[in-house]
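Subject: A structure for you, with notes

Hi,

Here is the structure I promised to pass on. Please open it alongside this message, and my notes will follow below.

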Amino acid sequence: MTATRAPADTLSVLDRPNSYIGKTVPRPNLDRLLQGRGQYVSDLELPRMAHVVFLRSPYAHARIVAIDAAAARRMSGIISIVTGRELEAVITPWVGVLSHLKGLKSAPQHAIAVDRVCWQGEAVAAVVATSRAAAEDAMEHIAVDYEELEAVTDMRTALDPATPVIHASLGDNLAFERTLNAGDVDLALSGSEVVEADFVFGRHTGVTLEPRAVVADWNAAEARLTIYQGTQAPHMVQNIAALHLGLREAQVRVVCKDVGGSFGIKVHIYADEMATYALSKLLRRPVKFVADRVESFNTDIHARDHRCRGRIGVLKDGTITAFEIDDLTGIGPYSMYPRTSAIEANQVVNLVGGAYLTPNFRARARVVFQNKNVMCQYRAVGHPIACSVTEGLVDLAAAKIGMDPVEIRRRNLIADDAYPCASPSGMKFEQLSHHASLAKLLQMMDYDALRAEQAALRTRNVHRGIGIASFIEVTNPSAAFYGVGGARISSQDGVAVRLDAQGSVICQTSITEQGQGSESLTAQIVGSVLGVSMERVRVILGDTDNTPYGGGTWASRGAGIGGEAALQAAKALRKNILDVAAAILQSTPAGLDIVNNSIVNADDGAPRIELNELARIVYFRPDTLPPGIQPELMATRHFVPRQYPFAFTNGIQASWLEVDTETGFVTLLKHWVVEDCGTIVNPQLVDEQIRGGVVQGLGAALFEKCIYDERGQLTNANMADYLVPMSGEMPDIEIGHVVSPTLESELGAKGAGEAGTAGAAACVANAVNDALRPFGAIITEIPLTPQVILTALGRI
């Protein structure tokens, strides 16, 4: 037989395990493994990592007439060029709907477009090569013949009879509509002063430090796919990849380690990521995809593109009598999978007016399709819209009757002793603290002194403003968010803890680390319960093969749900340890405690036996234990809220800023947040989460906007033209807390990750209007760019 070497870019005839990728297999092993194949291979090099780039449509809406990739296929390093039609044989399309959102509809979406593209940036072909550079070079040589179609770009005309229907099979461009009528709005408004305004919100995106990235590795020998991906929900990815690739969940492993920022951006299922999974299975080799920054702007989900007509009724004594809204949002050509693009608008209906006493609330929300990038959940889903509309209307009502913004809130916020209660939209509140939070905020900011300073500065033509915004925040979601609608998105989280043979603790948790401190939080809870120092607690997360089944990280649930699971698992292990220790020491479990990595007497703290010695006995000398003692130094617990669909938190924010009325520039001077997230496990993590959320909210308020032209072209898909807040522009952010633990859990923790984002834009907008009050200008649009401010002042 003649020995041969397989080319580096060909498939292995052996389908060896992943550990051999890019390595040389010794001849003796191959002699044995290749018996009966009619050849011997002395050095077979298995397939190396392949890289995929996606050829993306330059048009917002077009028919794909033909794709000519012949020249590209001949280029060096090219492994394969795959179109949507070829890939659909491997992976099925999906539809992003939930059954509890009545009437929500969407068209099937493919991993790579088949026949037609529906937004600028949708992939039409995948180029797989031995390097990213080779793939990008080849991509330039693919010729695509498009027939451009009319694009639907303006949400305000998307439902007009003359506007083309993007998906003919759906009948129209209406994806979802919800109406709500609570109380008697017409009667309430008929006897009130009525103020109304049109609120406009700029579409923006997450701009994560680390772009979306995935490596998919199909092992044909094991018939198993391993996915290494920056995701917030590994078990969700496992379920969906298996479903659409025709596999069982056990055939898919998802590994997700530390992720460089997510903010909801990485909790969705993206077409290019699904295509990467499918390409690995099709080509039987590992395939890597990393979105570049331009791709991120064009394909990472966008959010918050809303136009909302709002009305408020108020009596002369400041009593708010009613809220009414009509919200319109455009979501792109598809409802995003699997969480859907209707959740944001649905949240706006749920949350408007939620902090206030009035029982009268009427709302309509419409969600329409467009030929723009898809929109879906982003940090504080719907909250900034609802908060900005509510708090903007409250400030306008106060101005209408000549009342201070603080006083109108004091008279209308739900009393701190009124719980449990519900909002007009049906949201159940267990315990909130609006008035305690307001009182703490006023003390922190020295409100009266700021008002005096503001008045003095106006005499010198310096225009500063104070803005205040109360908010409520959805955290610790139960199955009411997604499970009831049929989505395979777990609302529980699980934690497994065990004592190892050297007396350290191994903790496996289903929540993930996105930079918010999940590992530290979990180690702190487990270490505290077990009396073990944090450096002796190892936390394992982000691996579906090695963690309990759970929802992951989204909707501010890490501490409230994952933390409670950690607490209960650690308590169970603690009991097991003390039972064993009591048997060894001829004591009782109640007479012992665990402190500083040792078993001690509960009464006097005298040391009895170190944990490492107890572990040695259990694991290596169980024969010395009393009869009938079977140590179980491992415990697993899961937790999900049941009594309340969500653990609502609340808080209030204030902004102190200056507006230059000649240039339109806003200078942020100070920002305050008072937040009630229940039990605070790690104060520094909580405060920094709130500060980070505030910064993202300030970005939306002043800088960030995805700008499209009338043909659906994103015109600022780069870091030069899409503005994000920088450190030099940010104010000091002072944080305070009120604590109202949830009784749903023993830990009592609620979420804190989205509070900062929920109210930041609202209080900045109110502060700008407060600064401009001498000019009679009212602005209800964000971002508050210099152009917007100067236009309101009549200077351009």
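How many aromatic pairs does a search of the whole structure find? The search finds 10 aromatic pairs. Here rings of Phe, Tyr and Trp (its six-membered ring) pair if their centres lie within 6.5 Å, and planes under 30 degrees apart count as stacked, over 60 as edge-to-face and the rest as tilted.

Before going further, a word on the ground rules. This is a predicted model, in which local features need pLDDT of at least 70 and side-chain atom pairs count only at pLDDT 80 or more, while totals for chains, interfaces and linings use all residues. Residues are numbered from 1 along each chain as its sequence is written, and side-chain values use heavy atoms, with hydrogens and water left out. Helices (H or I, at least four residues) and strands (E, at least two) are DSSP runs, numbered from the N terminus.

Aromatic pairs

Have a look at Trp94 and Tyr337: the ring centres are 6.1 Å apart and the planes are at 20°, so this pair is stacked. Trp94 sits in the loop between α3 (84–87) and β6 (116–117), and Tyr337 in the loop between β18 (320–330) and α9 (343–351), so the pair links distant parts of the chain, 243 residues apart. Both Trp94 and Tyr337 are buried (buried means under 20% relative accessible area, exposed over 50%, partly exposed in between, with a 1.4 Å probe and protein chains only).

Another pair is formed by Tyr482 and Trp554, which is edge-to-face, with 5.5 Å centre to centre and 65° between the planes. This pair also links distant parts of the chain: Tyr482 is in the loop between β22 (463–473) and β23 (493–499), and Trp554 is in the loop between β25 (537–541) and α15, 72 residues apart. Tyr482 and Trp554 are buried. Both belong to a cluster that ring pairs build from Phe429, Phe481, Tyr482, Trp554, Phe646 and Phe648.

Two packed helices are described by the angle between their axes and the distance between the axes. The axes are lines fitted to C-alpha atoms, for helices over the stretch in contact, and angles run from 0 to 180 degrees between N-to-C directions.

Helix α14 (residues 518–530) packs against helix α15 (residues 558–585) at about 30°, with the axes 8 Å apart. The two are therefore roughly parallel (angles under 35 degrees count as roughly parallel, over 145 as roughly antiparallel, 65 to 115 as roughly perpendicular and the rest as oblique). On the α14 side, the contact is made by Leu521, Thr522, Ile525, Val526, Val529 and Leu530; residues of α15 in it include Gly558, Ala566, Leu573 and Ile577. Contact here means heavy atoms within 4.5 Å. By class, this contact has 11 nonpolar, three polar and two charged residues (Ala, Val, Leu, Ile, Met, Phe, Trp, Tyr, Cys and Pro count as nonpolar, Asp, Glu, Lys and Arg as charged, and the others, Gly among them, as polar).

With helix α16 (residues 611–620), the axis of α15 crosses at roughly 80°, and the axes come within 11 Å. That makes α15 roughly perpendicular to α16. Ile577, Val580, Ala581 and Ile584 of α15 meet Leu611, Leu614, Ile617 and Val618 of α16, a contact with eight nonpolar, no polar and no charged residues.

Two buried loop residues

Asp300 is in the loop between α8 (293–299) and β16 (302–303), and counts as buried at 3% relative accessibility. Leaving aside neighbours within four places in sequence, Asp300 is in contact with Thr205, Arg212, Ile265, Tyr270, Glu295 and Asn373. Arg212 is 88 residues away along the chain, yet the C-alpha atoms of Asp300 and Arg212 are separated by 8.1 Å.

Ser262, in the loop between β14 (252–255) and α7 (271–283), is buried at 2% relative accessibility. Its contacts, apart from neighbours within four places in sequence, are Thr208, Gln232 and Gln514.

Backbone details

Tyr419 and Pro420 are joined by a cis peptide bond, with omega about 0°. The bond from Ile782 to Pro783 is also cis, with omega near 5°. Asp115 has a positive phi, near 75°, and Ala223 has one of about 50° although it is not a glycine.

Best wishes
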